[in-house]
Amino acid sequence: MVGSDYYAGNSLDEVNLLGRTSILGNGIEPLSAFDNRDLLRLWSVDTPRAIFPGRRIASFEDGYEASFLALTGDPIADFGNARRITLRMKSGHLIQ
C-alpha cells in the first residue's frame with residue numbers, strides 16, 4: 001500500500017520517495033524501489049482495493065464505480081504526468 005506516515009503529508013510524498021525520479025522537486029533523492037508501471041499500479045489499484053475491500057473500484061469494468069482522474073499524458077512514460085490532472089470524476093459526476 002502507498003500512503004503517508006506524516007499527518008500533513010499525502011500519498012504523493014510517498015510515491016515520490018518510492019519511485020525512480022523525483023516529481024516534487026523537494027531535493028529528496030528517491031529510493032528507486034519501483035519502476036513507473038509498478039508504482040502506478042500500487043498507487044491507483046492495489047492501495048484503493050486494500051483500503052476499501054468491499055467496493056468495486058480501480059477498474060473500468062461494468063458495475064465498478066465511475067471515479068477516476070484523466071491525465072494530460074502517460075505516467076508510465078513520465079511519472080510527472082501523475083500531477084497533471086485535467087479531469088476528475090467521482091461516482092460518475094464531474095468534480096471541478
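A salt bridge here is a side-chain nitrogen of Lys or Arg within 4 Å of a carboxyl oxygen of Asp or Glu. Asp38 and Arg41 make one of these, with their closest N and O atoms 3.7 Å apart. The model is a predicted one, where local features need pLDDT of at least 70, side-chain atom pairs count only at pLDDT 80 or more, and totals for chains, interfaces and linings use all residues. Residues are numbered from 1 along each chain as its sequence is written, and side-chain values use heavy atoms, with hydrogens and water left out.

Back to the charges. Searching the whole structure turns up 4 salt bridges. Asp38 and Arg41 both belong to helix α2 (residues 36-51) and sit 3 residues apart, about one turn of the helix; helices (H or I, at least four residues) and strands (E, at least two) are DSSP runs, numbered from the N terminus. Arg41 also pairs with Asp46, where the closest N and O atoms are 2.3 Å apart. Put together, Asp38, Arg41 and Asp46 form a linked network of salt bridges. As for solvent, buried means under 20% relative accessible area, exposed over 50%, and partly exposed in between (1.4 Å probe, protein chains only). Asp38 counts as partly exposed because its relative accessibility is 30%. Arg41 is partly exposed too, at 38%, and Asp46 is partly exposed with a value of 30%.

Another salt bridge brings the side chains of Glu65 and Arg55 together at 2.7 Å, N to O. This pair links distant parts of the chain, 10 residues apart, with Glu65 in the loop between α2 and β1 and Arg55 in the loop between α2 and β1. Glu65, at 26% relative accessibility, is partly exposed, and Arg55, at 34%, is partly exposed.

Phe60 is exposed, given its relative accessibility of 77%, whereas Phe68 is partly exposed at 30%.

Next come the strands, which pair if DSSP finds at least two bridges between them. Strands β1 (residues 68-71) and β2 (residues 85-90) run antiparallel and are joined by 4 bridges; Ala70 has Leu87 of β2 as its bridge partner. Strand β3 (residues 93-95) is joined to β2 by 3 bridges, also antiparallel, with Arg88 opposite Ile95 of β3. The hairpin of β2 and β3 has 2 residues between the strands, and Ser91 there takes a positive phi near 50°.

Finally, Asn36, a residue of helix α2, is buried because its relative accessibility is 16%. A polar atom of the Asn36 side chain lies 3.0 Å from the backbone oxygen of Ile76. Neighbours within four places in sequence aside, Asn36 is in contact (heavy atoms within 4.5 Å) with Pro75, Ile76, Ala77 and Phe79.

Key
A polar contact is a pair of N or O atoms within 3.5 Å; within protein, one must be able to donate a hydrogen and the other to accept it, and residues adjacent in sequence count only if both atoms are side-chain atoms.
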